[in-house]
Amino acid sequence: MNSSSRLSRGSALLAAATLVAAGAGTAGASSAPAAAHSVASSADRLHVFSSVPFGSASVVAGSTAGTLTVSWSAPYLRGYVAVFAGTSSKTQSRFVGSGSSNESLTVTAAYGDWIRLVPTVGRPLVLTVRDLGLASDPNLRDVGGYRASDGQWVRMGVVYRSQALSLSSSDLATVDTLGITNDYDLRTTSEIASSPDVVPAGATYTNLNVMAGISITPTLTSAAAAEQYMQEIEQDFVTNATARAAFGSLLTGIADSNGATLYHCTAGKDRTGWATAVLLTLLGVPQDTVTQDYLLSNTYYYDSPAVQAELKAMPAAESAIYAPLLQVQASYLQAGLAQVTASYGSMYDYAVQGLGLSPQTIAKLRAKLLVG
């Protein structure tokens with residue numbers, strides 16, 4: 001069913017959806033006829049009315065230029081979902097389509113790539129495209145847009161992760177629209193000297209040298225040795241005092257920030273990947289989802305033209321050994337998570353005892369980044 005047919009579904013749907021989009025929330029939605037909003041059980045009904053009803057949702061660039069593909073699943077919703085578009089995380093006022101509780105809808109991107117999904121029952125969900133598609137920084141992406149185990153969602157437009165900010169002028173112009181107020185650079189002093197950050201307009205730059213106390217000069221003679229080294233690095237993130245202090249400062253900075261935060265290392269996959277895994281886990285995002293986000297660096301960084309050209313220029317034997325250092329593998333992350341369990345018992349205890357976060361700071365992170 002195309003978007004034009006959904007646009008004509010009737011003024012009742014549009015009126016109800018607009019009421020929720022304007023801030024009326026679940027109270028306005030709940031006054032609609034009960035028959036349209038029946039759910040599978042009384043427990044499911046309570047869940048839908050008190051939270052965001054979507055089990056999954058995403059916004060990606062459409063296959064046709066100038067379009068977005070908006071997909072969602074709200075398994076207990078028996079009404080409809082109205083789709084609004086806008087140019088920022090705060091404003092999505094243009095009605096662009098609607099669909100059932102499970103839908104994949106192509107809409108125009110002419111009104112912006114911020115999408116608000118407004119169910120007839122429950123709270124709306126605001127999403128946007130995860131990656132910015134930057135040629136000079138392909139691994140710059142939004143940390144939000146994931147569903148936590150308790151049904152809440154991680155807000156988008158609040159925290160960004162990235163590789164080194166070696167931004168072209170056109171890509172910098174895009175990044176400057178994100179409202180970034182803090183740029184946390186997790187690299188070493190030598191990495192920074194060889195490629196200083198192009199700092200976004202209005203952002204305060206802070207260096208948090210995660211690797212200051214970690215050896216980065218291994219002798220690698222095989223791909224297996226390279227993989228083992230990468231696992232040991234993840235373990236060092238948990239056990240090394242300097243690394244823990246850096247990650248603790250980063251998470252505290254995110255909690256205290258008044259604007260959007262961006263953090264990065266060189267590739268945006270190891271130090272940045274671990275920081276993101278810790279943050280998402282503290283927010284209650286399931287481990288499978290955390291791992292999927294971690295592995296996206298293979299898509300955005302390892303598969304990028306620059307990295308593939310670097311590998312292609314090497315002799316085959318050397319490339320085979322070097323490739324694991326440019327990748328992420330689930331075993332890398334699992335090594336760090338296993339070390340958390342061994343050293344602290346849980347991610348929460350690692351955050352409090354290892355990173356020095358107070359329970360109040362963790363609560364601030366959750367209040368700042370979760371909706372639902």
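How many aromatic pairs does a search of the whole structure find? The search finds four. That is one of several features picked out below, and please keep in mind while reading that this is a predicted model.

1. **The overall picture.** The protein has 372 residues, and 52% of them count as buried. Its secondary structure comprises 14 helices and 14 strands. Among contacts with a separation of 6 or more, 68% are between residues 24 or more positions apart. The accessible surface is about 15200 Å², and carbon and sulfur atoms contribute 54% of that surface.

2. **Aromatic residues.** Three residues to look at together are Trp-274, Tyr-344 and Tyr-350, which form one aromatic cluster. Another ring worth a look is that of Tyr-146: Arg-130 lies over its face, 3.9 Å from the ring centre.

3. The structure holds eight salt bridges. In one of them, the side chains of Arg-141 and Asp-293 meet at 3.3 Å, N to O. Arg-141 belongs to strand β8 (residues 141-142) and Asp-293 to helix α9, so this pair ties together parts 152 residues apart in sequence. Both Arg-141 and Asp-293 are buried. Asp-293 also forms a salt bridge with Arg-161, and here the closest N and O atoms are 2.8 Å apart. Since Arg-161 is in strand β10 (residues 159-162) and Asp-293 in helix α9, the second pair ties together parts that are 132 residues apart in sequence. Arg-161, like Asp-293, is buried.

4. **Asp-185 and Arg-187.** Here is another salt bridge to inspect: Asp-185 pairs with Arg-187, with 2.9 Å between the closest N and O atoms. Both residues are buried. Arg-187 sits in the loop between β11 (180-185) and α5. How much relative accessible area does Arg-187 have? The value is 1%, and Arg-187 is buried because buried means under 20%. Leaving aside neighbours within four places in sequence, Arg-187 is in contact with several residues, including Ala-164, Ile-192, Asn-207, His-264, Cys-265 and Arg-271. The C-alpha atoms of Arg-187 and Ala-164 are 8.6 Å apart, and the two residues are 23 apart along the chain.

5. **Val-143.** This residue is in the loop between β8 and β9 (153-154). Is Val-143 buried or exposed? Val-143 is buried, with a relative accessible area of 1%. Not counting residues up to four places away in sequence, Val-143 touches a set of residues that includes Arg-130, Tyr-160, Arg-161, Tyr-263 and Leu-280. Two of these have come up already: Arg-130 lies over the face of Tyr-146, and Arg-161 forms a salt bridge with Asp-293. Val-143 and Asp-131 are twelve residues apart along the chain, with 9.5 Å between their C-alpha atoms.

6. **Two alanines to compare.** Ala-203 is in the loop between α5 (189-194) and β12 (204-207), whereas Ala-173 is in helix α4 (residues 169-175). At 16% relative accessibility, Ala-203 counts as buried, while Ala-173 is partly exposed at 45%. Which residues does Ala-203 touch, not counting those up to four places away in sequence? They are Ile-180, Thr-181, Asn-182 and Asp-183. Between Ala-203 and Asp-183, which are 20 residues apart along the chain, the C-alpha separation is 6.0 Å. As for Ala-173, its C-alpha is 9.0 Å from that of Ala-201, a residue 28 apart from it in sequence.

7. **Helix α11.** In α11 (residues 316-326), the buried residues include Ser-319, Ala-323, Pro-324 and Leu-326. Why are these residues on the same side of α11? They cover an arc of only 155° around the axis, and this puts them on the same side. What do the buried residues of α11 pack against? Their partners are α6 (223-239), α9 (287-302), α10 (305-312) and α12 (330-344).

Technical notes. Residues numbered from 1 in each chain as written. Predicted model: local features only at pLDDT ≥ 70, side-chain atom pairs only at ≥ 80, totals over all residues. Heavy atoms only, no water. Phe/Tyr/Trp six-rings, centres within 6.5 Å; stacked < 30°, edge-to-face > 60°. Lys NZ or Arg CZ within 6 Å of the ring centre and 35° of its normal. Buried < 20%, exposed > 50% of the residue type's maximum accessible area, 1.4 Å probe, protein only. Helix = DSSP H or I, 4+ residues; strand = E, 2+ residues; numbered from the N terminus. Arc of directions from axis to C-beta. Contact = heavy atoms within 4.5 Å. Areas by Shrake-Rupley, 256 points an atom, 1.4 Å probe, with all protein chains shown as cover. Salt bridge = Lys/Arg side-chain N within 4 Å of Asp/Glu carboxyl O.
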